[in-house]
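Hello,

Here is the structure for you to look through. My notes on it follow below.

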Amino acid sequence: MGAERDERVEWRLFWAWNDADEESWLREMARQGWHLRRAALFRYVFDRGEPADIVYKLDYHVLARKDRGEYLGLFRAAGWEHVGEVASWHYFRTPATAGSDPDIFSDTASRVAKYTRLLLFLLILLPIFVNSLVTLLARPRPVEGGALPAILTGGKVAHVLLVGLWLYAVARIGVHIRRLQRGPRA
């Protein structure tokens, strides 16, 4: 019989513009001895280990299969371990060193580029969502005298909420990009 794995599963919701909060939370988990094994959508699996100060960083990058090796190789050469990927968000980690807080980005422009890639992805898909919502809303009304108004039938509410959330995400990421470009306030 093999040794049982001491694992912990956590469910957390982080928005794309709050990735620094997610990174901080992962670092705190490592300090408590819980090291990320894999992440999925809102789900994190940790292995029990020695408490350590591990820095986690996230990068958003949609990669073609042919570019994956080069991309990950650059991080590996810089001392970062690739922990996993969720919806084109790449999770990296490296031990913290005394007196420094390692980062995968060397400047503001590269941080802005990460969010710009994400914003572009959201903007490319936005017309598809809006078009499908308009098509759904334009469907003929169900049989008169139905118990629900037309807007509440056929998944319309879910669709409206999805498009609303998508628009909100586009706006929040745009604001986040502008804040990064302006720099820290004195």
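Helices here are DSSP runs of H or I with at least four residues, strands are runs of E with at least two, and both are numbered from the N terminus.

The model is predicted: local features need pLDDT of at least 70 and side-chain atom pairs 80 or more, while totals for chains, interfaces and linings use all residues. Residues are numbered from 1 along each chain as its sequence is written, and side-chain values use heavy atoms, without hydrogens or water.

Buried residues of H4 include Trp-166, Val-170, Ile-173 and Ile-177 (buried is under 20% relative accessible area, 1.4 Å probe, protein chains only). Helix H3 (108–138) is part of what covers the buried residues of H4. Just after H4, Gly-183 has a positive phi of about 85°.

Now the sheet. Three strands form it, open and antiparallel, in the order S4-S6-S5. S4 (54–60) and S5 (81–86) are the edges, each pairing on one side only (pairing needs at least two DSSP bridges). S5 and S6 (89–95) share 5 bridges. Gly-84 has Tyr-91 of S6 as its bridge partner.

Helix H1 (19–31) packs on this sheet, touching S4 and S6 (contact is heavy atoms within 4.5 Å). The direction of H1 makes about 150° with that of S4. H3 also lies across S4 and S6, at about 40° to S4. Axes are lines fitted to C-alpha atoms, for helices over the stretch in contact, with angles from 0 to 180 degrees between N-to-C directions.

Best wishes

Key:
Buried < 20%, exposed > 50% of the residue type's maximum accessible area, 1.4 Å probe, protein only.
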